[in-house]
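Keep the structure open while you read.

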Amino acid sequence: MIDFLNSTSVAPEFVGADAAGDTIGLCIPNVDPELLEKMHVKKHYSVIGIVSDRTGGGPQLFSMDEGIKSTNTEVIDVEWTNDTKGGGGQGCMIVIGGYDPSDVREAIKVTFENLHHYFGDVYGNAAGYVELQYTARAAGCLTEALGAEEGKAFGIINACPAAIGIVMADTALKTAGVNIISVATPSHNGSPSNEGTLTISGESGAVRQAVIAARERGLELLGQMGDKPANDYPSYIQ
Amino acid sequence: MIDFLNSTSVAPEFVGADAAGDTIGLCIPNVDPELLEKMHVKKHYSVIGIVSDRTGGGPQLFSMDEGIKSTNTEVIDVEWTNDTKGGGGQGCMIVIGGYDPSDVREAIKVTFENLHHYFGDVYGNAAGYVELQYTARAAGCLTEALGAEEGKAFGIINACPAAIGIVMADTALKTAGVNIISVATPSHNGSPSNEGTLTISGESGAVRQAVIAARERGLELLGQMGDKPANDYPSYIQ
Amino acid sequence: MIDFLNSTSVAPEFVGADAAGDTIGLCIPNVDPELLEKMHVKKHYSVIGIVSDRTGGGPQLFSMDEGIKSTNTEVIDVEWTNDTKGGGGQGCMIVIGGYDPSDVREAIKVTFENLHHYFGDVYGNAAGYVELQYTARAAGCLTEALGAEEGKAFGIINACPAAIGIVMADTALKTAGVNIISVATPSHNGSPSNEGTLTISGESGAVRQAVIAARERGLELLGQMGDKPANDYPSYIQ
């Protein structure tokens with residue numbers, strides 16, 4: 001092939017990339033208006049940022065939630081994809097808008113700074129995975145993507161194969177008084193992933209307690225299908 | 001990470017697991033009512049069982065059909081997932097209900113006892129796979145999941161990539177006088193899997209003959225794409 | 001297992017197969033009428049041909065476009081599948097119809113003759129891929145499958161993860177005056193693949209220039225996620 005790829009150059013839109021989830025963050029300072037028109041964003045900004053990944057949605061969304069909290073930007077689209085490089089879950093694409101490229105770039109940088117943290121409670125083995133997420137205070141990314149209540153505690157309980165996620169959900173709901181935001185199963189989900197997922201809100205201690213109980217149950221069950229499930233980064237939900 | 005996973009414990013919901021298809025079977029004796037409300041089951045039982053897998057639907061459904069035949073339980077939901085750990089097909093999740101946990105556990109145990117049997121006519125190579133299933137008498141799982149006629153012979157002819165399944169379907173229909181229950185192709189299926197699938201009913205000898213002829217054709221064609229397709233367990237359709 | 005697979009025989013329907021994209025081409029000279037009735041073809045021919053693959057849609061569709069140009073056949077169905085053997089894109093199935101088996105077989109043979117050519121601008125690494133396609137004159141396959149204008153220049157700009165495809169689209173539209181035919185993102189696509197895709201028409205020089213500029217940008221960005229992206233066959237878009 002002709003070597004038209006100059007490996008020393010970097011495209012101006014590039015902000016960051018991380019092998020965790022094969023995640024890339026890009027910023028288009030002055031997006032083509034016709035392209036923006038054909039995208040499905042809820043509000044038109046001239047500056048858009050995109051965080052896109054192969055594996056995972058929770059870690060990227062929780063990380064971007066921190067980015068949104070700390071900058072003058074807004075999530076204008078979240079899309080799900082049946083990908084995960086052969087895994088049973090979903091990848092995602094988050095589009096944000098802002099008035100200033102430096103704001104959008106900053107939101108993406110904050111996302112990458114938090115990414116390993118929010119991968120801390122993703123545990124896997126050859127048979128599947130278990131994912132937990134928790135925040136004491138959800139902001140605009142989690143409200144837009146997952147129906148979290150702004151400023152309230154929010155948690156995700158998720159596993160593949162799907163049945164493990166359902167038992168974890170049952171355990172969580174029996175552990176603490178929390179509110180169900182959504183229950184997702186393979187055919188009743190954004191895309192037909194092999195996941196059972198519960199999202200919850202409520203008093204922050206109760207949400208955390210429910211998530212921790214579900215984690216213990218999920219790891220026991222997934223462990224019955226193969227090796228002890230392992231995480232790539234330290235657990236953050238204590 | 002903190003070692004909160006006690007590898008010697010087993011969650012009370014666990015019934016069984018098998019590396020064939022990465023299949024797990026769980027029983028929730030007294031499911032949280034709000035969780036059950038948000039699931040999409042056709043009937044509310046207080047005891048539910050779930051068989052969930054990464055790879056395969058046919059073997060699990062035919063195996064559960066035996067479980068349903070031998071216990072006082074009922075299939076209340078079947079969901080499909082675009083998973084298969086990178087394969088071209090679907091995984092599935094089967095939810096059953098019963099009045100007694102011992103019945104539900106028994107149905108799941110019977111499912112696992114039959115699982116290798118019904119994986120016997122799943123043949124694969126690096127390019128794809130061919131799957132055949134046959135029963136002389138379908139019961140409640142196959143009627144609920146796949147539209148089989150209760151008590152009648154039923155067969156599945158299935159392959160990936162999809163074109164092979166279509167030629168196999170053509171061969172089957174030209175071989176014996178059987179009734180088409182359904183024809184599925186990638187865009188006209190539960191989820192956009194890479195499969196061509198024919199399901200048939202009719203006189204038991206005719207259904208078996210059609211399935212066997214389709215198998216021969218499918219293995220010839222898939223063999224043209226790579227190695228000779230192999231099965232992991234002995235063929236059961238003779 | 002019983003050795004019912006005679007490895008020296010070849011099914012009469014077999015026309016060709018190629019490891020590129022795990023693609024197979026088959027011809028059914030006198031398709032079962034009830035099967036054809038249940039398929040979703042736009043016109044009923046007694047002779048049908050099927051090209052079906054695990055990985056890729058663009059290369060197979062552009063190759064079949066050459067097959068359609070050179071024979072008396074017609075594309076009667078194109079279906080997409082969430083497969084790609086664990087990749088983030090789609091596989092596809094193309095069904096053609098004709099009056100004469102030799103025409104249908106010839107169209108499929110031409111497809112295979114062109115397949116490596118149209119895989120020439122598919123570049124990948126472990127994190128994703130970038131695909132470009134270009135023709136100065138689209139015919140019936142591209143019009144049916146992708147909305148190309150018959151006889152006009154047509155191009156595809158496509159990448160996984162999706163964000164890279166969106167930046168490439170933005171670059172293409174800023175480079176040359178071309179018409180947008182479609183913009184696809186994960187949730188607004190035939191199936192929830194992890195792709196951003198732009199299809200364009202216009203003056204042939206402008207379309208080619210837009211595609212080349214997008215390729216350069218896409219390779220830069222994908223290269224930031226891992227190894228330098230590589231193609232398996234020589235680039236054809238110069």
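Start in chain B, in the loop that runs between strand E1 (14-18) and strand E2 (23-28), where you'll find Asp22(B). Before going on, keep in mind that what you see is a predicted model. Asp22(B) isn't a glycine, yet its phi is positive, at about 45°. Is Asp22(B) buried or exposed? With a relative accessible area of 12%, Asp22(B) is buried, because the cut-off for buried is under 20%.

Now hop over to chain A. Asp22(A) sits in the loop between strand E1 (14-18) and strand E2 (23-28) of chain A, and this non-glycine residue has a positive phi of about 45°. Asp22(A) is buried too, at a relative accessible area of 11%.

In chain B, a cis peptide bond links Cys160(B) to Pro161(B), with omega at about 0°. Pro161(B) belongs to the loop between strand E8 (153-160) and helix H5 (162-175) of chain B. Chain C has a cis bond from Cys160(C) to Pro161(C), where omega is near 0°. Look for Pro161(C) in the loop that separates strand E8 (153-160) from helix H5 (162-175) of chain C.

**Rings that pair up**

How many aromatic pairs does the structure hold over all chains? There are 12 of them. Here are two:

| Pair | Centre to centre | Angle between planes | Kind |
|---|---|---|---|
| Phe62(B) and Tyr118(B) | 5.4 Å | 50° | tilted |
| Phe62(C) and Phe154(C) | 6.0 Å | 20° | stacked |

Take the chain B pair. Phe62(B) is in helix H2 (residues 58-69) and Tyr118(B) in helix H3 (residues 101-118) of chain B, so this pair ties together parts that are 56 residues apart in sequence. Both Phe62(B) and Tyr118(B) are buried.

Chain A has a whole group to show you: Phe62(A), Tyr118(A), Phe154(A) and Tyr236(A) make up one aromatic cluster.

**Zooming out to chain A**

Time to step back. Chain A contains 6 helices and 11 strands, and its C-alpha trace spans about 50 × 45 × 30 Å along the principal axes. A compact globule of 238 residues would have a radius of gyration near 18 Å, and chain A agrees with that, at 18 Å.

Of the 238 residues in chain A, 66% are buried. Chain A exposes about 7,700 Å², and carbon and sulfur atoms supply 47% of that area. What about contacts between residues at least 6 apart in sequence? In chain A, 68% of these join residues at least 24 apart.

**How the copies fit together**

Finally, compare chains A and C. The copies use different surfaces, though: 5% of the contact residues of chain A recur in chain C.

Definitions and conventions
Residues are numbered from 1 along each chain as its sequence is written. Chains are lettered from A and ligands numbered from 1 in the order in which they are written. This is a predicted model: local features need pLDDT of at least 70, side-chain atom pairs count only at pLDDT 80 or more; totals for chains, interfaces and linings use all residues. Side-chain values use heavy atoms; hydrogens and water are left out. Contact means heavy atoms within 4.5 Å. Helices (H or I, at least four residues) and strands (E, at least two) are DSSP runs, numbered from the N terminus. Buried means under 20% relative accessible area, exposed over 50%, partly exposed in between (1.4 Å probe, protein chains only). Rings of Phe, Tyr and Trp (its six-membered ring) pair if their centres lie within 6.5 Å; planes under 30 degrees apart count as stacked, over 60 as edge-to-face and the rest as tilted. The radius of gyration is taken over C-alpha atoms; the globule rule is 2.2 Å times the number of residues to the power 0.38. Accessible areas come from the Shrake-Rupley method with a 1.4 Å probe; for residues, only the protein chains shown count as cover.
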